[in-house]
Amino acid sequence: MKMKELHIKTTKHSEFIDITETIQRNIPKAYSGIAVVYVPHTTCALFVNEGADPDVMKDLGNKLDKLVPWKEPYFRHLEGNSAAHIKSILIGNSVTLIVEEGTLKLGTWEKVFLAEFDGPRQRKLWIQFMG
Ligand code: ZN
């Protein structure tokens, strides 16, 4: 099956965007198998986690900012966005999702999120269906 490319416009410097419905809309109706979603950018990330209570994402953002402050005296990267690269590496740039008869299989409280760490920007997502 052909790879799909989606476009997501982020609106803040740092944010977590629920992209579950965007992905769901792009899954062929009768498809069952694995969908790999990949973000080809070095300052954002993808993950699956709780989407019911927005405070979980606030807590995640605050904790990541504490773990990786925007400026550190020893950062050398000339672009000045080392923190965004490091957060992207910590979380990862792809998720592997189970699809059953055209529907994403996720836990009751789970959503798929795009993490923006150096926005706002236009971001691409690639989805490859396997099986
Ligand atoms: Zn950079």
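Predicted model: local features only at pLDDT ≥ 70, side-chain atom pairs only at ≥ 80, totals over all residues.
Two strands are taken to pair when DSSP finds at least two bridges between them.

Five strands make up an open sheet, ordered β1-β8-β3-β5-β6, and their pairing is antiparallel. At its edges stand β1, residues 4-9, and β6, residues 103-105, each of which pairs on one side only. From one strand to the next, the twist averages 35°.

Within the sheet, I would draw your attention to strand β3, residues 33-38, which six bridges join to strand β5, residues 94-100. There, Val 36 stands opposite Thr 96 of β5.

I now come to the aromatic rings. The count of aromatic pairs is six. In one of them, the ring centres of Tyr 31 and Phe 129 lie 5.0 Å apart with the planes at 70°, so this pair is edge-to-face. Tyr 31 belongs to the loop between α1 (20-25) and β3, and Phe 129 to strand β8 (residues 122-130); the two are 98 residues apart. Both Tyr 31 and Phe 129 are buried.

A further pair is formed by Tyr 38 and Trp 126, with centres 6.0 Å apart and planes at 10°; the pair is therefore stacked. Because Tyr 38 lies in strand β3 and Trp 126 in strand β8, this pair ties together parts 88 residues apart in sequence.

Finally, Phe 16, Phe 47, Phe 113 and Phe 117 are linked into a cluster by ring pairs. Thank you for your attention.

Methods: Residues numbered from 1 in each chain as written. Heavy atoms only, no water. Helix = DSSP H or I, 4+ residues; strand = E, 2+ residues; numbered from the N terminus. Axes fitted to C-alpha atoms, helices over the stretch in contact; angles between N-to-C directions. Phe/Tyr/Trp six-rings, centres within 6.5 Å; stacked < 30°, edge-to-face > 60°. Buried < 20%, exposed > 50% of the residue type's maximum accessible area, 1.4 Å probe, protein only.
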